[in-house]
Amino acid sequence: MLEVKDLHVTVEDKAILKGLNLTVQPGEVHAIMGPNGAGKSTLSAVIAGKDGYEVTQGSILFEGQDVLEMEIEERARAGLLLGFQYPIEIPGVKNIYLLKAALNAAREARGEGEIPAPEFMKLVREKSAEMQMDTSFLQRAVNEGFSGGEKKRNEILQMLVLQPKLAMLDEIDSGLDIDAMKVVAKGVNSLRSADRAILLVTHYQRLLNHIEPDRVHVLVDGRIVKSGDKSLALELESRGYDWVLEESVA
Amino acid sequence: MASEEMEQLVRREYKQGFVTDIESETVPPGLDESVIAFISQKKGEPEWMLEWRLEAYRQWLKMTPPSWAHLDYPPIDYQAISYFSAPKKPEDRPQSLDEVDPKLLETYEKLGIPLHERAALAGVAVDAVFDSVSVTTTFKEKLFEAGVIFCSISEAIRDYPELVRQYLGTVVPRSDNYFAALNSAVFTDGSFVYVPEGVTCPMELSTYFRINAANTGQFERTLIVCDNKAQVSYLEGCTAPMRDENQLHAAVVELVALEDAYIKYSTVQNWYPGDEEGKGGIYNFVTKRGDCRGDRSRISWTQVETGSAITWKYPSCMLRGKESIGEFYSVAVTNGRQQADTGTKMIHIGEGTRSTIVAKGIAAGRSDQAYRGLVKIGPRAKGARNYTQCDSLLIGDQCGAHTFPYQEIGNSSATVEHEATTSKIADDQLFYCRARGIDEEDAVSMIVNGFCKDVFQELPMEFAVEAEALLNVTLEGSVG
Ligand SMILES: Nc1ncnc2c1ncn2[C@@H]1O[C@H](COP(=O)(O)OP(=O)(O)OP(=O)(O)O)[C@@H](O)[C@H]1O
Ligand SMILES: [Mg+2]
């Protein structure tokens, strides 16, 4: 589904990703862990198409398509969706309006018509309830004045409405209290299916107790230096990253 | 997003540029007392009106155009302008839409203003001004039943001379400023509204202004009077065809609100801004002033501006009556090489007067805009209050926005608050929307409309929709 090969990325002439390889199959959940500044957010931002990153080498394929040749919005419509580490506030634009525009853009790309208003309202109410978000959030401006945890839940709400094939969730657990973590995890788990995949960026094993990953990768200094199953996360939790580094150098 | 991409995005063709070919009877360019006499005679005006005009003209001759505004424009040759043009046979003016020149209706169609449809659907009385003469007025009867007078200023001068004489020039005196003096001398049309005591006008009143005949400046004169406890909502919409020469527009709008009266004046303006070099746009020098003459009266200006090569405009309120209220809500969009210098003046004279100013500026391309606001609190304005909020949004990095708030506080019991922000249309907001699958153009329009929300919600419903559409057209372009 997603194939990242030998990816080299620089930001303002500084090398951030230095030959990263990653393959994600449909139905899988991958977790990416690693120290601050390793390049985790950079990886998901480059896949989503954010400006300011220069790919100097390597390739990214999504369902066989060359992602680097696609516009940001084309990637999203193709089912590649990024959940932001720091969701953006857009004053004056209603949350529900953004949701509807996004959903209709994806439908249009698939050759479907606009979603009928009653159907859309039903869908959004249902998904809001799943995220335990009061429907008043729908009428508020996108992320404006939302608490940290509310912003994260709002990101997942968008995912639930848009049903991406590959959801990339960057530190979706940060700033969440324990109950909210469960709600978010439940939301993410409901996205799991045989034809979808999820890429989770996280610092904490705790999230992975709720969303069980198939693969865990350790990203250090722009490269994936170790991969394993979910037990790797547990090991990282108790031992930190140093040993991985030493192992990879050796 | 790269700034050149951004630039391409905000560049767009003016969709409503076209010229309707209707025979005009135009005086040769130039201005002197005989031209003014010609205008006055054409309009069948009484003697006092001609005298009034000539007095204005003589004052104008002694004045010099303002130079302080944050604008840069070549000197205007007032002798190169033609001061009167009207459809050929004014006495054969159509009495209903069926009689209107189909070409004119077509013009409105192109503008997205299907007159008959709009009039019927929205219940709006439309006093359509084509060139300088009113061509059609609808719903007049319904208004007449309510006792509301809504007609062209020329008709008013003929049919209601006492009312006109009582109020004309009492809000904006002839010698007020250079453009007001010129307008007073040569104005050819515009609207007159009188709402009698206790009457709430049964419908939104609306006028569409057009500038069409080549080389013809247009000098509208609007006078709206709300008697005690009367209310009216008035909408002015403008658009102009594509032209080569810059065109001068110097309108005067006077509003008078007596005790407990409420006048809401909304403008949605879409004038041709000129091409990318700024060539061919409208010069827009307008004097708009509201006089809250009675206690507890209220005047509210709401405007959405997306046109003009040069705009110089400060709708203002004179808050004379005790506890009277002045409001100013504005969205100004500049693109290409447009320049705008706009703002408002709130002059607090009476006790307990209040004013609110919300100004939103959006600058794109290489445009430049300034907000200039004056809040003046007089010595008698005990407990006066003002709240001002100015927000600027820059699209791309070749445009500019400047804010000049002036305050003159002559009373220590007054409260004046001012908030100002300037933000670039954030790349991360755009990225966020696009990363949800929303295309770039829609994302820009979504963010810009969100930015303008506070002002749009002050517009009458159907016009808020129109304003949003207008904004989208203004910022529309091919995504590279
Ligand atoms: N626009 C930029 N300009 C300069 N450096 C940048 C820019 N964006 C990212 N970087 C640098 O790239 C490196 C990787 O950043 P990234 O955000 O991908 O790290 P991360 O692994 O997500 O870290 P964290 O766990 O703290 O979120 C950091 O050193 C960061 O400072
Ligand atoms: Mg990060």
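Rings of Phe, Tyr and Trp (its six-membered ring) are taken as a pair if their centres lie within 6.5 Å; planes under 30 degrees apart count as stacked, over 60 as edge-to-face and the rest as tilted. The structure is a predicted model, in which local features need pLDDT of at least 70 and side-chain atom pairs count only at pLDDT 80 or more, while totals for chains, interfaces and linings use all residues. Residues are numbered from 1 along each chain as its sequence is written, chains are lettered from A and ligands numbered from 1 in the order in which they are written, and side-chain values use heavy atoms, with hydrogens and water left out.

**View 1. An aromatic cluster in chain B.** Ring pairs join Tyr57(B), Trp60(B), Tyr78(B), Tyr178(B), Phe179(B) and Phe285(B) into a cluster. Over all chains, the count of aromatic pairs comes to 13.

**View 2. Aromatic pairs that cross between chains A and B.** Phe84(A) and Phe431(B) form a tilted pair, 5.5 Å centre to centre with 50° between the planes. The pair runs from the loop between S6 and S7 of chain A to helix H10 (residues 427-434) of chain B; helices (H or I, at least four residues) and strands (E, at least two) are DSSP runs, numbered from the N terminus. Phe84(A) is buried at a relative accessible area of 9%, and Phe431(B) is buried at 6%. Here buried means under 20% relative accessible area, exposed over 50%, and partly exposed in between (1.4 Å probe, protein chains only). The rings of Phe84(A) and Tyr432(B) have centres 4.8 Å apart and planes at 75°, so this pair is edge-to-face. Tyr432(B) also belongs to helix H10 of chain B and is buried, with a relative accessible area of 0%. Arg436(B) lies over the face of Tyr432(B), at 4.8 Å from the ring centre; a charge sits over a ring if NZ of Lys or CZ of Arg is within 6 Å of the ring centre and within 35 degrees of the ring normal.

**View 3. The magnesium ion (ligand 2) and its protein donors.** Ser41(A) (OG) and Gln85(A) (OE1) lie 1.9 to 2.5 Å from the ion. Donors are N, O and S atoms within 2.8 Å of the metal (3.2 Å for Na, K and Ca); water is not among the atoms, so sites may look incomplete. Ser41(A) lies in helix H1 (residues 40-48) and Gln85(A) in the loop between strand S6 (80-83) and strand S7 (90-94), so the pair ties together parts of chain A that are 44 residues apart in sequence. Ser41(A) is partly exposed at 29% relative accessibility, whereas Gln85(A) is buried at 16%.

**View 4. The surroundings of Ser367(B).** Ser367(B) is placed in the loop between strand S19 (354-363) and strand S20 (368-377) of chain B, and is buried with a relative accessible area of 1%. Its side chain makes a polar contact of 2.8 Å with that of Thr334(B). A polar contact is a pair of N or O atoms within 3.5 Å; within protein, one must be able to donate a hydrogen and the other to accept it, and residues adjacent in sequence count only if both atoms are side-chain atoms.

**View 5. Arg293(B) in a loop of chain B.** Arg293(B) is found between strand S13 (282-292) and strand S14 (298-305), and is partly exposed at 29% relative accessibility. A polar contact of 2.9 Å connects the side chains of Arg293(B) and Thr170(B).
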